[in-house]
Amino acid sequence: MMSQDIQAQYDAFKQLGLKLDMSRGKPAPEQLDLSSTLLQQLEGFTAADGTDTRNYGIASGLPEVRALFASLLDVPAGQVVVDGNASLALMHDAIVFCLLYGIAGQTPWSQQQPVTFLCPVPGYDRHFSICQSLGIKMVSVPLNDDGPDMELVERLVAADASIKGMWCVPKYSNPSGTIYSAEVVQRLAAMKTAAPDFLLLWDDAYRLHHLSEQKHSTINVLEACERAGNPERAIVFASTSKITLAGSGLAALASSPANIAWWQRNTSVRTIGPDKVNQLRHVRFLKDRANVEALMGRHRQLLKPKFDAVLAQFDAYLGDSEGVSWTRPLGGYFIDLVTPPGCAKRTIALAKELGITLTSAGAAFPYGNDVEDRHIRIAPSFPSLDEISQAAKGIALALRVAAGSGAA
């Protein structure tokens with residue numbers, strides 16, 4: 001039974017009149033301010049090779065910005081393309097190109113129906129939205145502490161030629177904070193697949209987004225694939241969305257030389273060149289990897305206290321709650337709060353009554369279907385430190401009420 005004290009605290013909290021939207025992992029205004037001088041970087045529009053960035057051309061990105069991303073991703077610059085501001089758009093285009101044109105000399109996926117993707121869960125809802133919108137079947141696989149359940153993954157891809165791809169967020173996964181182990185990456189690179197055109201969609205969104213002094217790393221998936229004899233297996237995606245300005249950053253992909261040529265061939269019909277003015281101001285502002293890492297250190301100083309505040313409130317209000325757990329991420333943007341079975345939706349609804357908007361229950365699963373109704377994605381980044389501390393208390397109280405009122 002729920003204690004009357006918890007219900008009283010919940011009712012009193014409701015009187016605070018909060019109005020906080022924590023449904024997305026948005027950078028806070030203070031984080032965006034770290035890159036405010038980016039808008040003042042241009043003194044002339046000429047790139048290093050003499051390109052007038054105001055004009056058409058250079059479809060794969062300015063050489064100097066490709067070199068910058070190459071240093072951040074530890075790949076040769078010739079294996080990088082910089083295009084647009086959102087890596088999600090590049091992921092969408094890559095899948096559409098596979099559906100329309102095929103990859104690695106294979107038949108277009110649209111002529112090989114059905115098309116299936118493996119989806120480690122809990123995972124990133126927008127990955128799943130791409131698949132659902134394009135009619136791609138999704139199969140969930142558990143995400144363990146060191147990455148996807150590889151025994152299951154290897155068994156599935158070896159037996160089913162319809163499995164054409166797998167979503168991967170290899171470091172500080174959204175929302176669990178999981179870091180793929182070297183063994184997992186090597187097994188993904190080397191595993192036998194029934195489909196000769198199987199792809200790893202490698203979303204390295206949080207590569208530089210550390211929450212501790214230690215800069216955790218994963219092994220280079222492109223090198224692992226090449227060593228395993230599958231050089232075209234992985235396409236890596238990254239962006240500056242949570243490094244500079246979320247709405248006007250840069251997005252990049254990296255892959256094998258053959259896949260880069262494939263990308264360039266397919267994109268040549270949809271663009272005469274990206275926003276090179278934005279690319280030029282970014283490379284002048286960011287300069288090099290050392291400067292980027294220093295900037296990310298300043299992001300960490302703003303983010304870590306917010307994560308610590310959430311964890312402190314969860315420890316205080318949920319530490320003795322049966323069936324409740326939460327991740328303690330070493331980087332990234334999220335905490336995965338796990339409720340007793342059957343309590344996530346009710347918790348989110350009760351938090352909404354407190355003025356706290358959370359990501360929908362089930363969002364971290366394909367088709368929005370968290371069978372056990374347990375996972376809630378917590379996004380501490382956007383509210384102020386005081387607000388996030390209050391919100392975490394409110395979420396904890398909502399969970400206690402949900403669990404105590406028999407939601408489970």
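Strand S8 (residues 234-239) is largely enclosed by the rest of the structure, because six of its six residues are buried. The model described here is predicted. It holds an open sheet of eight strands with mixed pairing. A second open sheet has three strands, paired antiparallel. Helices lie on both sheets, among them H6 and H11.

- Ala234, Val236 and Ala238 point one way from S8. Ile235, Phe237 and Ser239 point the other way. The residues of both groups are buried.
- S7 and S8 run parallel and are joined by four bridges.

**The eight-strand sheet**
- The strand order is S2-S9-S8-S7-S6-S3-S4-S5.
- Strand S2 (80-82) and strand S5 (147-148) stand at the edges. Each has a single partner strand, so one side of each is left without a neighbour in the sheet.
- Strands of a sheet pair through backbone hydrogen bonds, either parallel or antiparallel.
- Strand S6 (residues 163-168) pairs with strand S7 (residues 199-203) in the parallel sense, over four bridges.
- Met166 has Leu200 in S7 as its bridge partner.

- Helix H7 (residues 182-190) lies across S5, S6 and S7. Relative to S7, H7 runs at about 145°.

**Helix H5**
- Helix H5 covers residues 125-133. Its buried residues include Asp125, His127, Phe128, Ile130 and Cys131.
- An α-helix has 3.6 residues a turn, so residues three or four places apart point the same way.
- The cover over the buried residues of H5 includes helix H4 and strands S3, S4, S6 and S7. Strand S13 (375-378) also contributes to that cover.
- Gly135 follows H5 and has a positive phi, near 75°.

**The three-strand sheet**
- Its strand order is S10-S11-S13.
- Strand S10 (325-326) and S13 are the edge strands, and each pairs on one side only.
- Strand S11 (residues 335-338) pairs with S13 in the antiparallel sense, over four bridges.
- Asp336 stands opposite Arg377 in S13.
- Helix H11 (residues 289-318) lies across S10, S11 and S13. The angle between H11 and S11 is about 15°.

**Asn259, a buried residue in helix H9**
- Asn259 lies in helix H9 (residues 257-267).
- Asn259 counts as buried because its relative accessibility is 3%, and the cut-off for buried is under 20%.
- Its contacts, leaving aside neighbours within four places in sequence, are Ile103, Glu232, Ala234 and Ile235.

- Leu100, Tyr101 and Val269 make a nonpolar surface patch of about 330 Å².
- Tyr101 belongs to helix H4 (residues 87-101).
- Tyr101 is partly exposed, because its relative accessible area is 42%. That value falls between the limits of 20% for buried and 50% for exposed.
- H4 is also one of the elements that cover the buried residues of H5.

Terms used
Residues are numbered from 1 along each chain as its sequence is written. This is a predicted model: local features need pLDDT of at least 70, side-chain atom pairs count only at pLDDT 80 or more; totals for chains, interfaces and linings use all residues. Side-chain values use heavy atoms; hydrogens and water are left out. Patches are made of residues with over 30% relative accessible area and no salt bridge: like charges are joined within 9 Å, nonpolar side chains (Val, Leu, Ile, Met, Phe, Trp, Tyr) within 5 Å. Accessible areas come from the Shrake-Rupley method with a 1.4 Å probe; for residues, only the protein chains shown count as cover. A salt bridge is a side-chain nitrogen of Lys or Arg within 4 Å of a carboxyl oxygen of Asp or Glu. Helices (H or I, at least four residues) and strands (E, at least two) are DSSP runs, numbered from the N terminus. Buried means under 20% relative accessible area, exposed over 50%, partly exposed in between (1.4 Å probe, protein chains only). Two strands pair if DSSP finds at least two bridges between them. Contact means heavy atoms within 4.5 Å. Axes are lines fitted to C-alpha atoms, for helices over the stretch in contact, and angles run from 0 to 180 degrees between N-to-C directions.
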